[in-house]
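Subject: Structure for your review

Dear colleague,

Please find below the structure I am handing over to you, with its sequence. My notes on what was found in it follow directly after.

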Amino acid sequence: MEMKNLLMGSGPVMAMLLLQGLGTALQLLTKVALNKGTFVYAFVVYRHAIATLCVAPLAFFFERNKEKKLSFEVWFWLSMNAITGVTMAMGLFYYGLRDTTATFATNMINLVPVITFAFSTVLGIEKLLLKTKAGKIKTAGTIICLVGALIAILYKGESFHIGYEHMFENSIIKKKTHWARGTIMLLSCCLSFAIWYLVQVELLKVFPLKYWGTMLTFIIAAAQSTVMGLCLNRSKAAWKLEWNLSLATIIYSGAMVTPATFLLVSWTVKRRGPTFPSMFNPLGLIAVAVLEALIFGEEINVGSLLGMLIIIVGLYSFLWGRKQEPVVLPRPSGAARAEVARIPESGGL
(Lines give C-alpha, C1' and ligand atoms only; values in the text may rest on other atoms or scores of the structure.)
Protein backbone atom coordinates (compact mmCIF):
# COMPACT_ATOMS: atom_id res chain seq x y z
CA MET A 1 0.00 0.00 0.00
CA GLU A 2 2.82 2.39 0.87
CA MET A 3 4.58 1.55 -2.38
CA LYS A 4 1.38 2.26 -4.32
CA ASN A 5 0.96 5.63 -2.59
CA LEU A 6 4.61 6.43 -3.30
CA LEU A 7 4.20 5.63 -6.98
CA MET A 8 0.98 7.65 -7.21
CA GLY A 9 2.65 10.56 -5.44
CA SER A 10 5.72 10.53 -7.68
CA GLY A 11 3.70 9.93 -10.85
CA PRO A 12 3.09 13.62 -11.67
CA VAL A 13 6.77 14.40 -11.09
CA MET A 14 7.89 11.59 -13.38
CA ALA A 15 5.32 12.65 -16.00
CA MET A 16 6.60 16.23 -16.04
CA LEU A 17 10.24 15.10 -16.16
CA LEU A 18 9.39 12.89 -19.14
CA LEU A 19 7.61 15.79 -20.81
CA GLN A 20 10.60 18.09 -20.31
CA GLY A 21 12.85 15.41 -21.80
CA LEU A 22 10.64 15.10 -24.87
CA GLY A 23 10.49 18.88 -25.22
CA THR A 24 14.25 19.27 -24.89
CA ALA A 25 14.86 16.76 -27.66
CA LEU A 26 12.28 18.50 -29.85
CA GLN A 27 13.88 21.92 -29.40
CA LEU A 28 17.29 20.67 -30.46
CA LEU A 29 15.99 18.59 -33.37
CA THR A 30 13.87 21.49 -34.61
CA LYS A 31 16.82 23.87 -34.44
CA VAL A 32 18.90 21.51 -36.58
CA ALA A 33 16.03 20.99 -39.07
CA LEU A 34 15.43 24.72 -39.46
CA ASN A 35 19.12 25.47 -39.90
CA LYS A 36 19.26 22.84 -42.62
CA GLY A 37 16.67 24.79 -44.59
CA THR A 38 13.27 23.40 -43.56
CA PHE A 39 10.56 25.91 -44.45
CA VAL A 40 8.89 27.07 -41.21
CA TYR A 41 5.27 26.94 -42.34
CA ALA A 42 5.69 23.60 -44.08
CA PHE A 43 6.92 22.31 -40.72
CA VAL A 44 3.90 23.81 -38.91
CA VAL A 45 1.41 22.39 -41.45
CA TYR A 46 2.79 18.84 -41.47
CA ARG A 47 3.27 18.76 -37.71
CA HIS A 48 -0.34 19.67 -36.99
CA ALA A 49 -1.71 17.43 -39.71
CA ILE A 50 -0.04 14.50 -37.94
CA ALA A 51 -1.14 15.81 -34.52
CA THR A 52 -4.74 15.94 -35.79
CA LEU A 53 -4.60 12.25 -36.69
CA CYS A 54 -3.31 11.47 -33.18
CA VAL A 55 -5.89 13.55 -31.30
CA ALA A 56 -8.86 12.48 -33.46
CA PRO A 57 -9.24 9.01 -31.83
CA LEU A 58 -9.41 10.68 -28.41
CA ALA A 59 -12.13 13.04 -29.61
CA PHE A 60 -14.22 10.30 -31.19
CA PHE A 61 -13.79 7.91 -28.25
CA PHE A 62 -14.10 10.13 -25.17
CA GLU A 63 -16.51 12.74 -26.52
CA ARG A 64 -18.52 10.78 -29.07
CA ASN A 65 -21.81 11.10 -27.14
CA LYS A 66 -21.45 14.75 -26.15
CA GLU A 67 -23.45 17.46 -27.86
CA LYS A 68 -21.49 19.50 -30.39
CA LYS A 69 -23.03 22.79 -31.49
CA LEU A 70 -20.77 24.24 -34.17
CA SER A 71 -22.33 27.67 -34.53
CA PHE A 72 -20.75 30.67 -36.25
CA GLU A 73 -19.57 31.92 -32.85
CA VAL A 74 -17.87 28.58 -32.14
CA TRP A 75 -16.10 28.59 -35.52
CA PHE A 76 -15.01 32.18 -34.95
CA TRP A 77 -13.36 31.40 -31.60
CA LEU A 78 -11.87 28.17 -32.94
CA SER A 79 -10.31 30.20 -35.75
CA MET A 80 -8.99 32.79 -33.30
CA ASN A 81 -7.67 29.96 -31.15
CA ALA A 82 -5.84 28.50 -34.14
CA ILE A 83 -4.35 31.73 -35.45
CA THR A 84 -3.13 33.02 -32.07
CA GLY A 85 -1.97 29.70 -30.59
CA VAL A 86 -0.54 27.94 -33.64
CA THR A 87 -0.39 29.84 -36.94
CA MET A 88 1.15 33.03 -35.56
CA ALA A 89 2.67 31.92 -32.25
CA MET A 90 4.42 28.81 -33.49
CA GLY A 91 5.39 30.33 -36.82
CA LEU A 92 7.00 33.27 -35.05
CA PHE A 93 8.68 30.95 -32.55
CA TYR A 94 10.27 28.82 -35.27
CA TYR A 95 11.54 31.89 -37.12
CA GLY A 96 12.96 33.20 -33.86
CA LEU A 97 14.51 29.82 -33.07
CA ARG A 98 16.13 29.72 -36.50
CA ASP A 99 17.62 33.20 -36.09
CA THR A 100 18.92 32.77 -32.51
CA THR A 101 19.64 29.67 -30.42
CA ALA A 102 17.50 26.98 -28.82
CA THR A 103 18.55 28.21 -25.36
CA PHE A 104 17.60 31.83 -26.03
CA ALA A 105 14.28 30.83 -27.64
CA THR A 106 13.35 28.56 -24.72
CA ASN A 107 14.33 31.33 -22.32
CA MET A 108 11.96 33.78 -23.99
CA ILE A 109 9.05 31.33 -23.95
CA ASN A 110 9.23 31.28 -20.14
CA LEU A 111 7.94 34.86 -20.27
CA VAL A 112 4.52 33.77 -21.60
CA PRO A 113 2.89 33.29 -18.14
CA VAL A 114 3.89 36.75 -16.90
CA ILE A 115 2.91 38.47 -20.16
CA THR A 116 -0.45 36.69 -19.98
CA PHE A 117 -0.83 37.89 -16.39
CA ALA A 118 -0.07 41.46 -17.47
CA PHE A 119 -2.68 41.30 -20.25
CA SER A 120 -5.23 39.72 -17.90
CA THR A 121 -4.66 42.48 -15.35
CA VAL A 122 -5.11 45.24 -17.92
CA LEU A 123 -8.33 43.61 -19.20
CA GLY A 124 -9.66 43.06 -15.67
CA ILE A 125 -9.62 39.25 -15.82
CA GLU A 126 -7.12 39.11 -12.95
CA LYS A 127 -6.35 41.51 -10.11
CA LEU A 128 -2.97 42.52 -8.72
CA LEU A 129 -4.12 42.16 -5.08
CA LEU A 130 -1.10 44.12 -3.88
CA LYS A 131 -2.48 44.19 -0.33
CA THR A 132 -1.81 40.45 0.04
CA LYS A 133 1.58 38.79 0.46
CA ALA A 134 0.99 36.40 -2.45
CA GLY A 135 -0.11 39.26 -4.70
CA LYS A 136 3.04 41.22 -3.93
CA ILE A 137 5.26 38.20 -4.63
CA LYS A 138 3.42 37.47 -7.88
CA THR A 139 3.85 41.06 -9.04
CA ALA A 140 7.51 41.05 -7.97
CA GLY A 141 8.03 37.79 -9.89
CA THR A 142 6.59 39.42 -13.01
CA ILE A 143 8.98 42.37 -12.72
CA ILE A 144 11.95 40.07 -12.06
CA CYS A 145 11.15 38.03 -15.19
CA LEU A 146 10.99 41.15 -17.31
CA VAL A 147 14.33 42.37 -15.89
CA GLY A 148 15.87 38.96 -16.68
CA ALA A 149 14.54 39.14 -20.23
CA LEU A 150 16.00 42.61 -20.75
CA ILE A 151 19.39 41.43 -19.47
CA ALA A 152 19.33 38.38 -21.78
CA ILE A 153 18.40 40.56 -24.76
CA LEU A 154 20.57 43.63 -24.21
CA TYR A 155 23.66 42.34 -22.41
CA LYS A 156 26.00 39.76 -23.90
CA GLY A 157 29.20 39.85 -21.84
CA GLU A 158 31.96 37.29 -22.07
CA SER A 159 31.34 34.12 -24.09
CA PHE A 160 32.63 30.63 -23.38
CA HIS A 161 32.23 27.02 -24.49
CA ILE A 162 31.67 23.87 -22.48
CA GLY A 163 34.51 21.62 -23.61
CA TYR A 164 36.97 22.36 -26.40
CA GLU A 165 35.91 24.94 -28.95
CA HIS A 166 37.78 23.34 -31.86
CA MET A 167 35.58 20.26 -31.55
CA PHE A 168 32.65 22.25 -32.86
CA GLU A 169 34.05 24.09 -35.84
CA ASN A 170 31.96 21.93 -38.19
CA SER A 171 28.90 21.76 -35.95
CA ILE A 172 25.71 20.76 -37.78
CA ILE A 173 23.79 23.74 -36.44
CA LYS A 174 26.33 26.45 -37.19
CA LYS A 175 24.59 29.16 -39.18
CA LYS A 176 24.64 32.93 -39.28
CA THR A 177 22.31 34.33 -36.66
CA HIS A 178 20.13 37.45 -36.77
CA TRP A 179 19.70 38.31 -33.11
CA ALA A 180 17.67 41.49 -33.54
CA ARG A 181 15.19 39.90 -35.94
CA GLY A 182 15.04 36.68 -33.95
CA THR A 183 14.40 38.53 -30.68
CA ILE A 184 11.55 40.49 -32.24
CA MET A 185 10.06 37.25 -33.56
CA LEU A 186 10.27 35.56 -30.15
CA LEU A 187 8.78 38.52 -28.27
CA SER A 188 5.96 38.64 -30.84
CA CYS A 189 5.48 34.91 -30.29
CA CYS A 190 5.12 35.50 -26.52
CA LEU A 191 2.53 38.22 -27.16
CA SER A 192 0.59 35.90 -29.48
CA PHE A 193 0.62 33.10 -26.91
CA ALA A 194 -0.52 35.53 -24.21
CA ILE A 195 -3.47 36.60 -26.38
CA TRP A 196 -4.16 32.92 -27.08
CA TYR A 197 -4.57 32.19 -23.37
CA LEU A 198 -7.20 34.93 -23.19
CA VAL A 199 -8.94 33.57 -26.29
CA GLN A 200 -9.21 30.25 -24.43
CA VAL A 201 -11.51 31.87 -21.88
CA GLU A 202 -14.01 32.85 -24.57
CA LEU A 203 -13.71 29.56 -26.43
CA LEU A 204 -14.43 27.56 -23.28
CA LYS A 205 -17.68 29.45 -22.81
CA VAL A 206 -19.08 28.35 -26.16
CA PHE A 207 -17.28 25.04 -26.83
CA PRO A 208 -16.07 23.15 -23.73
CA LEU A 209 -15.15 19.86 -25.47
CA LYS A 210 -11.37 19.77 -25.08
CA TYR A 211 -10.53 16.91 -27.47
CA TRP A 212 -12.83 18.10 -30.23
CA GLY A 213 -11.72 21.68 -29.65
CA THR A 214 -8.08 20.69 -29.94
CA MET A 215 -8.62 18.57 -33.05
CA LEU A 216 -10.61 21.28 -34.84
CA THR A 217 -8.05 23.90 -33.81
CA PHE A 218 -5.27 21.79 -35.35
CA ILE A 219 -7.25 21.35 -38.59
CA ILE A 220 -7.97 25.08 -38.87
CA ALA A 221 -4.37 25.95 -37.96
CA ALA A 222 -3.03 23.61 -40.64
CA ALA A 223 -5.28 25.30 -43.21
CA GLN A 224 -4.29 28.80 -42.05
CA SER A 225 -0.60 27.88 -42.06
CA THR A 226 -0.91 26.48 -45.57
CA VAL A 227 -2.31 29.77 -46.84
CA MET A 228 0.31 31.75 -44.92
CA GLY A 229 3.09 29.50 -46.18
CA LEU A 230 1.99 29.70 -49.81
CA CYS A 231 2.00 33.49 -49.56
CA LEU A 232 5.61 33.35 -48.38
CA ASN A 233 7.01 30.51 -50.47
CA ARG A 234 5.29 28.63 -53.31
CA SER A 235 8.28 26.60 -54.48
CA LYS A 236 7.78 22.84 -54.53
CA ALA A 237 11.14 22.32 -52.86
CA ALA A 238 9.99 24.19 -49.74
CA TRP A 239 6.99 21.85 -49.28
CA LYS A 240 8.58 18.61 -50.42
CA LEU A 241 8.97 15.86 -47.83
CA GLU A 242 12.04 13.65 -47.94
CA TRP A 243 13.41 10.87 -45.75
CA ASN A 244 15.65 13.06 -43.65
CA LEU A 245 15.95 14.68 -40.21
CA SER A 246 13.22 17.21 -41.00
CA LEU A 247 10.67 14.47 -41.64
CA ALA A 248 11.74 12.59 -38.50
CA THR A 249 11.34 15.79 -36.45
CA ILE A 250 7.89 16.46 -37.92
CA ILE A 251 6.71 12.93 -37.09
CA TYR A 252 8.28 13.05 -33.63
CA SER A 253 6.68 16.41 -32.80
CA GLY A 254 3.26 15.66 -34.27
CA ALA A 255 2.85 12.02 -33.29
CA MET A 256 4.68 11.96 -29.96
CA VAL A 257 5.33 15.34 -28.34
CA THR A 258 1.95 16.97 -29.03
CA PRO A 259 -0.21 14.04 -27.81
CA ALA A 260 2.15 13.43 -24.86
CA THR A 261 1.92 17.08 -23.86
CA PHE A 262 -1.85 16.99 -23.98
CA LEU A 263 -2.27 13.73 -22.05
CA LEU A 264 0.51 14.14 -19.48
CA VAL A 265 -0.39 17.73 -18.62
CA SER A 266 -4.10 16.86 -18.41
CA TRP A 267 -3.35 13.96 -16.07
CA THR A 268 -0.98 16.02 -13.92
CA VAL A 269 -3.28 19.05 -13.64
CA LYS A 270 -6.05 16.82 -12.28
CA ARG A 271 -3.76 15.59 -9.50
CA ARG A 272 -1.57 18.58 -8.65
CA GLY A 273 -3.35 21.63 -10.06
CA PRO A 274 -2.70 23.93 -13.03
CA THR A 275 0.46 25.53 -11.62
CA PHE A 276 2.40 22.30 -11.13
CA PRO A 277 3.43 21.63 -14.78
CA SER A 278 4.84 25.14 -15.23
CA MET A 279 7.21 24.60 -12.29
CA PHE A 280 9.23 22.17 -14.42
CA ASN A 281 9.78 24.50 -17.39
CA PRO A 282 13.12 25.85 -16.05
CA LEU A 283 14.46 22.27 -16.01
CA GLY A 284 13.85 22.06 -19.74
CA LEU A 285 15.58 25.40 -20.22
CA ILE A 286 18.66 24.23 -18.32
CA ALA A 287 18.71 20.93 -20.23
CA VAL A 288 18.49 22.71 -23.60
CA ALA A 289 21.29 25.12 -22.63
CA VAL A 290 23.65 22.37 -21.46
CA LEU A 291 22.97 19.96 -24.34
CA GLU A 292 23.13 22.67 -27.00
CA ALA A 293 26.53 23.69 -25.66
CA LEU A 294 27.85 20.13 -25.24
CA ILE A 295 26.52 18.51 -28.41
CA PHE A 296 26.43 21.42 -30.86
CA GLY A 297 29.17 23.63 -29.43
CA GLU A 298 26.94 26.66 -29.06
CA GLU A 299 28.69 29.33 -27.05
CA ILE A 300 27.23 30.52 -23.76
CA ASN A 301 27.50 34.19 -22.88
CA VAL A 302 27.31 35.71 -19.44
CA GLY A 303 24.32 37.89 -20.32
CA SER A 304 22.15 34.97 -21.44
CA LEU A 305 23.19 32.90 -18.43
CA LEU A 306 22.47 35.71 -15.98
CA GLY A 307 19.16 36.51 -17.67
CA MET A 308 18.17 32.84 -17.58
CA LEU A 309 18.83 32.56 -13.84
CA ILE A 310 16.90 35.77 -13.10
CA ILE A 311 13.94 34.61 -15.22
CA ILE A 312 13.89 31.28 -13.36
CA VAL A 313 13.81 33.07 -9.99
CA GLY A 314 11.07 35.40 -11.21
CA LEU A 315 9.07 32.54 -12.72
CA TYR A 316 9.08 30.51 -9.50
CA SER A 317 8.10 33.60 -7.51
CA PHE A 318 5.26 34.30 -9.91
CA LEU A 319 4.05 30.69 -9.84
CA TRP A 320 4.12 30.60 -6.04
CA GLY A 321 2.01 33.74 -5.85
CA ARG A 322 -0.34 32.42 -8.51
CA LYS A 323 -0.77 29.15 -6.63
CA GLN A 324 -1.79 31.05 -3.51
CA GLU A 325 -4.31 33.09 -5.48
CA PRO A 326 -5.85 30.78 -8.10
CA VAL A 327 -7.61 32.55 -10.93
CA VAL A 328 -11.18 31.42 -11.45
CA LEU A 329 -12.03 31.65 -15.14
CA PRO A 330 -15.58 31.74 -16.46
CA ARG A 331 -17.06 28.30 -16.98
CA PRO A 332 -19.86 27.20 -19.24
CA SER A 333 -23.15 26.20 -17.72
CA GLY A 334 -24.88 22.84 -17.79
CA ALA A 335 -23.34 19.39 -18.01
CA ALA A 336 -20.16 20.75 -19.52
CA ARG A 337 -19.15 22.36 -16.23
CA ALA A 338 -17.43 19.15 -15.14
CA GLU A 339 -14.18 19.78 -16.97
CA VAL A 340 -13.28 22.45 -19.49
CA ALA A 341 -9.53 22.94 -19.18
CA ARG A 342 -7.80 22.88 -22.54
CA ILE A 343 -4.09 22.18 -22.31
CA PRO A 344 -1.73 24.76 -23.85
CA GLU A 345 -0.10 23.29 -26.93
CA SER A 346 2.89 25.51 -26.28
CA GLY A 347 4.06 23.04 -23.75
CA GLY A 348 5.16 20.94 -26.67
CA LEU A 349 7.01 23.61 -28.56
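Cys231 is exposed, with a relative accessible area of 61%. Cys54, by contrast, is partly exposed, at a relative accessible area of 27%. Please bear in mind that these values come from a predicted model. A disulfide is a covalent bond between the sulfur atoms of two cysteines. In this model the count of disulfides comes to zero.

As to the overall architecture, the protein chain has 13 helices and two strands. Of its 349 residues, 50% are buried. Among contacts between residues at least 6 apart in sequence, 91% join residues that are at least 24 apart.

The largest nonpolar core holds 68 residues, and Phe93, Tyr94, Leu111 and Phe193 are the ones that touch the most other members. Helix 2 (residues 40-62) supplies the largest share of this core, with 11 residues. There is also a second, separate core of 12 residues, which includes Leu19, Tyr252, Val257 and Phe280.

Which residues is Phe93 in contact with, leaving aside its neighbours within four places in sequence? They are Gln27, Ala105, Ile109, Leu186, Cys189 and Leu349.

Helix 3 spans residues 72-87, and its buried residues are Val74, Trp77, Leu78, Asn81, Ala82, Thr84, Gly85, Val86 and Thr87. These buried residues pack against helix 2, helix 4 (89-99), helix 8 and helix 9 (210-232).

The largest share of the lining, four residues, comes from helix 12. By residue type, the lining divides into 14 nonpolar, 10 polar and seven charged residues.

With kind regards

Conventions. Residues numbered from 1 in each chain as written. Predicted model: local features only at pLDDT ≥ 70, side-chain atom pairs only at ≥ 80, totals over all residues. Heavy atoms only, no water. Core = buried A, V, L, I, M, F, W, Y, C linked by side-chain atoms within 4.5 Å. Buried < 20%, exposed > 50% of the residue type's maximum accessible area, 1.4 Å probe, protein only. Contact = heavy atoms within 4.5 Å. Disulfide = S-S within 2.5 Å. Nonpolar A, V, L, I, M, F, W, Y, C, P; charged D, E, K, R; others polar.
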